[in-house]
Amino acid sequence: MGALQSLPGQQEYIDLAEKTGFSCEQIGVLHKRFKQLSHNEETLRRDHFNEITDLACNPIRSQIIGAFFDRRNFRQNGEGTVEEISFEEFLVVMSHFRPPSLHMTEEQRESIRREKLRFLFNMHDTDNDGTITLEEYRHVVEELLSRSGALGKDTAKSIADAAMLEVAGISMGHMEPDEFYEGITFEHFRKLLNGFEIESKMNIRFLNMDTTTLCK
């Protein structure tokens with residue numbers, strides 16, 4: 001897939017469009033960016049991402065880069081990480097940041113929401129044990145609030161701190177003294193973020209492009 005050189009509209013692009021939700025034209029744009037990042041190589045490596053200046057100051061830079069090399073994000077039942085990714089794998093990961101279409105049904109929107117939440121959860125579940133820590137949850141909440149643009153960084157941090165303490169009180173308050181807190185599971189995580197409009201908030205702007213525009 002890394003060798004895609006054809007014009008948008010050929011069967012290979014059509015297959016990728018069906019798999020990711022991007023249009024053939026958008027796939028063409030992303031393919032050009034992929035080739036720029038990889039210096040015309042067939043695959044992308046982690047060191048290629050180190051050249052992206054807009055990503056350098058991102059507080060979750062390592063998690064974002066890691067997400068592109070996490071098998072869970074581009075293969076069903078995938079485990080572990082890879083050292084390099086093809087264009088198709090890059091495109092599948094990018095599709096997690098694509099906002100929903102205005103013409104989607106509620107069922108389709110809910111499916112996308114769940115996929116985005118799973119992706120976000122995986123990004124912080126770095127050891128793949130099925131749980132994230134309270135501190136990691138606080139970081140997720142702070143990031144989502146900061147992206148809304150309505151709150152300052154300090155305000156978002158204060159709310160995130162309060163959210164973490166609330167979860168700790170709920171989660172640990174019902175535990176026996178000899179029980180060990182194992183962390184937040186995905187289903188718990190999904191319920192905790194029920195009030196966040198994750199469908200449109202989760203996007204990235206570090207590839208010299210704005211993924212909020214990548215919708216049909």
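The model is predicted, so local features need pLDDT of at least 70 and side-chain atom pairs count only at pLDDT 80 or more, while totals for chains, interfaces and linings use all residues. Residues are numbered from 1 along each chain as its sequence is written, and side-chain values use heavy atoms, with hydrogens and water left out. Helices (H or I, at least four residues) and strands (E, at least two) are DSSP runs numbered from the N terminus.

**Packing of H5 and H7**

- Two packed helices are described by the angle between their axes and the distance between the axes.
- Helix H5 (residues 61–68) and helix H7 (residues 106–124) have axes that come within 9 Å and cross at roughly 115 degrees. H5 is therefore roughly perpendicular to H7. Axes here are lines fitted to C-alpha atoms, for helices over the stretch in contact, with angles running from 0 to 180 degrees between N-to-C directions. Angles under 35 degrees count as roughly parallel, over 145 as roughly antiparallel, 65 to 115 as roughly perpendicular and the rest as oblique.
- The crossing of H5 and H7 is right-handed, meaning that the near helix is turned clockwise from the far one by less than a right angle.
- H5 contributes Gln63, Ile64 and Ala67 to the contact, and H7 contributes Phe119, Met123 and His124; contact means heavy atoms within 4.5 Å.
- By class, this contact has 4 nonpolar, 2 polar and no charged residues. Ala, Val, Leu, Ile, Met, Phe, Trp, Tyr, Cys and Pro count as nonpolar, Asp, Glu, Lys and Arg as charged, and the others, Gly among them, as polar.

**Burial of H6**

- H6 (residues 87–95) is mostly covered, with 9 of its 9 residues buried. Buried means under 20% relative accessible area, exposed over 50%, and partly exposed in between (1.4 Å probe, protein chains only).
- The buried residues of H6 include Phe87, Phe90, Leu91 and Met94.
- Among the elements covering them are H1, helix H2 (24–37), strand E1 (44–45), H5, strand E2 (84–85) and H7.

**Salt bridges**

- Side chains of opposite charge can pair when their charged atoms come close.
- The model has 8 salt bridges, each defined as a side-chain nitrogen of Lys or Arg within 4 Å of a carboxyl oxygen of Asp or Glu.
- Lys19 and Glu88 form one of them, at 2.5 Å from N to O. The pair links distant parts of the chain, with Lys19 in helix H1 (residues 11–20) and Glu88 in H6, 69 residues apart. Glu88 is buried, at 18% relative accessible area.
- Lys35 and Glu42 form another, at 3.7 Å from N to O. Lys35 is buried at 10%, whereas Glu42 is partly exposed at 39%.
- Arg72 and Asp70 pair at 2.6 Å from N to O. Both residues are buried, Arg72 at 17% and Asp70 at 9%.

- Most residues other than glycine have a negative phi.
- His39, in the loop between H2 and E1, has a positive phi, near 55 degrees. This residue is partly exposed, with a relative accessible area of 47%.
- Asn40 lies in the loop between H2 and E1 and has a positive phi near 65 degrees. Asn40 is exposed, with a relative accessible area of 59%.
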